[in-house]
Amino acid sequence: MTVGFIGLGLIGGSIAKTLRRVSPNTRIIAYNRTRSVLDAAREDNIVDLAVDDVDKRFAVCDIIFLCVPVITMIDYIKKLKPIMKPGCILTDVGSTKTEIHEAVHAAGLDDHFIGGHPMAGSEKTGYANATDRMIENAWYILTPAENVPIQRVSEFSEFISSLGALPMVLNYKEHDYVVAAISHLPHVVSASLVNLVHELDSPDGTMKAVAAGGFKDITRISSSSPQMWQEICLANSENICILLDRYMRKLTDFQFAIRNHDKDKLITYFTECKDYRDSFSDVGGSLPQTYRIYVDVPDEPGVIARAATLLAENDVSLKNIGIVHNRDYEDGVLRIEFYEQDALDRGIQCLEKKGYTVHK
């Protein structure tokens with residue numbers, strides 16, 4: 001199989017790296033506007049053929065991933081149309097789908113296009129931050145154009161599953177409404193909250209200094225690319241504005257209950273919120289599964305080294321370890337993250353055996 005990539009940023013690079021890991025014999029052709037990125041991908045043995053233009057060299061591809069902004073995608077669609085072979089699947093990784101589907105329809109490629117949205121990512125950007133586990137256990141929404149044969153959709157869904165992601169097929173209009181609620185609106189809310197605290201903070205930055213787990217968790221996404229989120233807001237403006245209206249009414253309801261000291265309303269709001277949030281699965285979805293524990297230790301020199309050494313002696317691999325100096329909704333001062341469930345379970349076992357108190 002030959003797979004083409006137009007764009008090797010965070011998502012394109014991660015899919016390419018994943019493909020190389022799970023299917024090492026797949027031939028990968030890639031184009032990227034910045035040559036140094038292609039050189040890095042060649043050095044990593046991710047890309048077999050790095051090209052300096054989107055041309056007939058992509059004619060051998062069985063699948064072509066468009067991993068560039070929507071505005072740029074439309075230009076590449078025009079280039080690809082005369083060179084794609086029959087049966088080639090054209091897909092993308094964008095977080096909005098209406099514009100790209102309309103462009104595909106205008107180009108007469110409704111029998112080739114299956115839109116894709118891997119619901120994974122990071123506040124970091126670029127190929128340098130791409131990993132071969134980025135889309136593992138993440139929902140990967142597929143939005144087939146109307147003339148793509150069902151068999152081709154099924155085959156592409158199996159291909160996405162082989163990369164470790166969880167495919168889900170949706171109509172592209174439904175997709176844009178769903179992601180406006182669970183992805184785009186949260187980014188707008190996060191950005192608004194960060195900007196509000198920035199405006200209210202004292203000259204010596206007291207609010208920033210004491211900002212702890214709760215604030216950091218719900219605003220982490222504000223570190224994402226400003227340009228990307230500008231483009232998303234413009235591309236999905238209608239759905240985002242509809243949901244912003246609904247959200248502002250919710251905030252008004254909260255404000256009314258708080259101002260009037262309505263204890264019953266407040267407990268109902270927070271109980272309904274907790275029950276629904278607690279029903280979310282930690283396996284799959286738009287957030288990667290986290291294998292994390294907190295350990296009660298004194299905040300003193302050597303505690304990290306002692307815990308890390310204990311785990312290493314028991315052949316337990318760590319993803320991250322560090323002291324939590326500013327805690328909010330977190331138990332234990334030492335935070336340890338693992339790559340997988342098995343490592344988590346064995347880590348807990350060996351730590352508890354040595355007398356550590358572990359919060360799971």
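Predicted model: local features only at pLDDT ≥ 70, side-chain atom pairs only at ≥ 80, totals over all residues.
Which residue lies over the face of tyrosine 127? Lysine 17 does, at 4.4 Å from the ring centre.

**Aromatic pairs**

A pair of aromatic rings is described by the distance of the centres and the angle of the planes. Searching the whole structure turns up seven aromatic pairs. Two of them are set out here.

| Pair | Distance between centres | Angle between planes | Class |
|---|---|---|---|
| Phenylalanine 65 and phenylalanine 156 | 6.5 Å | 45° | tilted |
| Phenylalanine 254 and tyrosine 269 | 4.8 Å | 45° | tilted |

Take the pair of phenylalanine 65 and phenylalanine 156. Phenylalanine 65 belongs to strand β4 (residues 63-66) and phenylalanine 156 to helix α5 (residues 150-162), so this pair ties together parts that are 91 residues apart in sequence. Phenylalanine 65 has a relative accessible area of 0% and is therefore buried. Phenylalanine 156 is buried too, because its relative accessibility is 2%. Both rings are members of one aromatic cluster, formed by Phe5, Phe65, Phe156 and Phe159.

In the other pair of the table, phenylalanine 254 sits in helix α10 (residues 237-259) and tyrosine 269 in helix α11 (residues 263-278), 15 residues apart. Here the two partners fall on either side of the 20% cut-off for buried residues. Phenylalanine 254, at 26% relative accessible area, is partly exposed, whereas tyrosine 269, at 18%, counts as buried.

Four strands make an open sheet in the order β10-β11-β9-β12, and their pairing is antiparallel. At the edges are β10 (318-323) and β12 (357-359), each of which pairs on one side only. From one strand to the next, the twist averages 25°. Strand β9 (residues 291-296) is joined to β12 by three bridges, and aspartate 296 stands opposite threonine 357 in β12.

Two helices lie across these strands. Helix α13 (residues 341-353) lies across β9, β11 and β12, at about 15° to β9.

**A loop residue to look at**

Is asparagine 314 buried, exposed or partly exposed? Asparagine 314 is partly exposed, because its relative accessibility is 38%. Its place is the loop between α12 and β10. Beyond its neighbours within four places in sequence, asparagine 314 is in contact with Arg346 and Cys350. From asparagine 314 to cysteine 350 the C-alpha to C-alpha distance is 7.4 Å, although 36 residues separate them in sequence.

Technical notes:
Residues numbered from 1 in each chain as written. Heavy atoms only, no water. Pairing = 2+ DSSP bridges. Axes fitted to C-alpha atoms, helices over the stretch in contact; angles between N-to-C directions. Contact = heavy atoms within 4.5 Å. Buried < 20%, exposed > 50% of the residue type's maximum accessible area, 1.4 Å probe, protein only. Phe/Tyr/Trp six-rings, centres within 6.5 Å; stacked < 30°, edge-to-face > 60°. Lys NZ or Arg CZ within 6 Å of the ring centre and 35° of its normal.
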